[in-house]
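Here is a short briefing on one protein chain. Look at the structure first, then read the points by topic.

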Amino acid sequence: MGCFDEFCIICSGPFSSDYNGNTETNWLKNVVVMKNDKSDAIIGTYDSYGRVVSLDKTKTIKISNSNVIPPYIGMKSSDSYAVHTACWNICNKPCNLNILERNMDLKGYWSQVFGFRKLEKDKQYWKIINPESDSVDGKKNLARIMDYFNSFCLYAFDQKGI
Ligand SMILES: [Zn+2]
């Protein structure tokens, strides 16, 4: 038994948040799932095993983010991919993404368990501070994410509801 991280297409950060009980990373587990068929997005929390449980706990959705650049050849309409709820909010709540390249900024820290310690050592920790927060690091991360989004997202459909 182990836990398996998946990574946000928009910011490249992990969906797991357990790092020394540090509450400032709690936002990482809050995710929104989108489907290729452009049906309504689902808000939930990541379970650390490749699944997202909806906030009302009525749905569990398997995601496969690790190698996904939506939409991709062979992608089924039922295929689901996820982004952080905070990243989704700051990018205007799209119900689908069409991107040129997923964000790989933090790829050096991707592994079965995200390299939080290495990130801190490399002084890159601000890249996992909530971009919706008012802190200096949060604002810095917001700018990083929006730079990526504005350069590599071709379009995002309007969100109709949850
Ligand atoms: Zn993100």
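K123 counts as exposed, because it has 8 C-beta neighbours inside 10 Å, and 12 or fewer is the mark of an exposed residue. This is a predicted model.

**Positive phi**
- K123 is found in the loop between α2 and α3.
- Its phi is near 60°, a positive value in a residue other than glycine.
- Most residues other than glycine have a negative phi.
- S48 also has a positive value without being glycine: its phi is near 70°.
- The place of S48 is in the loop between β2 and β3 (51-54).
- S48 counts as partly exposed, because 18 C-beta neighbours lie inside 10 Å.

**A buried loop residue**
- C95 is found in the loop between α1 (85-90) and β6 (97-99).
- Is C95 buried or exposed? C95 counts as buried, because it has 20 C-beta neighbours inside 10 Å, and the cut-off for a buried residue is 20 or more.
- C95 and I42 are 53 residues apart along the chain, yet their C-alpha atoms are separated by 9.1 Å.

**The nonpolar core**
- The largest nonpolar core has 36 residues.
- Those with the most contacts inside this core are I10, V32, V33, A82, V83 and C87.
- Which elements give two or more residues to this core? They are β1 (30-35), β2 (42-46), β5 (80-84), α1, α2 (116-121) and α3 (136-152).
- The largest share, four residues, comes from β1.
- Beyond its neighbours within four places in sequence, I10 is in contact with V83, C87, C91, N103, I145, Y148 and F149.

**The chain as a whole**
- The protein chain has three helices and seven strands.
- From the N terminus on, the order is β-β-β-β-β-α-β-α-α-β.
- Of its 162 residues, 36% count as buried.
- Among contacts with a separation of 6 or more, 63% join residues 24 or more positions apart.

**Confidence**
- The mean pLDDT of the protein chain is 84.
- A pLDDT of 70 or more is reached by 83% of the residues.
- Over residues 158-162, pLDDT stays under 50.
- For residues 158-162, the model has 12 contacts beyond four places in sequence.
- Where pLDDT is low, the predicted coordinates should not be read in detail.

Methods. Residues are numbered from 1 along each chain as its sequence is written. This is a predicted model: local features need pLDDT of at least 70, side-chain atom pairs count only at pLDDT 80 or more; totals for chains, interfaces and linings use all residues. pLDDT is the predictor's confidence in each residue, from 0 to 100. Two residues are in contact if their C-beta atoms, placed from the backbone, lie within 7 Å. A nonpolar core is a set of buried Ala, Val, Leu, Ile, Met, Phe, Trp, Tyr and Cys residues joined through C-beta atoms within 7 Å.
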